[in-house]
Amino acid sequence: MHFYCSCGNRISDITDFLSFKASFLADQDEDDYFGQVEQAVQDGLPAGSLLDVLAIQLPSRYLCRSMYQCPQCGNLFLEDTSGKLHEFVPKTSEAQGLLRSVEQEKWRGFLHGYWNDTPPSWSEHCGFIEINSNDTSLPGYLTFDERKNFEERYFELFETLKQRGLIRFAGLKINRDWLHRWSQGKGEQGNATP
Ligand SMILES: [Zn+2]
């Protein structure tokens, strides 16, 4: 989804790990939230990591709402219970980047590349690269139709982001098989020699 700030900036929420987005939980809902988490753990978690369960399957997730801060002007948007966003203007111009990670500059993100010889039903493209990092000048999402360009761009981005200390994980999947994987502290795995 996307929306426009009153300053004219287009705010786009189509990827994860956005530096200008956060979730909030009403103080009045806190007890219910942790109660539901506890119940889910007691019931035995479904397959998948705890993180997947919390993000996708646990109903208490829906007790959380979203807030955004316009990266251009600093205006804040809070979501109400019907999903509508309400815009607030900060009193000072210092209130920027309020919704970034507590790690601030040290936060490390992710690089993902996916290629399918047959484009998925939701796109006309075969290749996708998603970049989640602290460097907001980099594109968040790229599409490709030629595999050589796609792989070259992935490894070029991987080297740059790794050298700059901007990522904790990078992964490249070709037709659902891993061609390359790298994790901070664990190094590289995979069949590719970049
Ligand atoms: Zn704005």
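**Strand pairing and the zinc site**

E7 and E10 pair in the parallel sense over 7 bridges; pairing requires at least two DSSP bridges between two strands. Helices (H or I, at least four residues) and strands (E, at least two) are DSSP runs, numbered from the N terminus. The model is predicted: local features need pLDDT of at least 70, side-chain atom pairs count only at pLDDT 80 or more, and totals for chains, interfaces and linings use all residues. Residues are numbered from 1 along each chain as its sequence is written, and side-chain values use heavy atoms, without hydrogens and water.

Tyrosine 114 stands opposite lysine 173 in E10.

Histidine 112 lies in strand E7 (residues 109–115). Its relative accessibility is 18%, so histidine 112 counts as buried. Beyond four places in sequence, its contacts (heavy atoms within 4.5 Å) are Phe128, Ile129, Glu130, Phe169 and Gly171.

The zinc ion has the protein donors Cys5 (SG), Cys7 (SG), Cys70 (SG) and Cys73 (SG), lying 2.3 Å from it. Donors are N, O and S atoms within 2.8 Å of the metal (3.2 Å for Na, K and Ca); water is not among the atoms, so sites may look incomplete. The donor residues are spaced C-x1-C-x62-C-x2-C in sequence.

Notes. Buried < 20%, exposed > 50% of the residue type's maximum accessible area, 1.4 Å probe, protein only.
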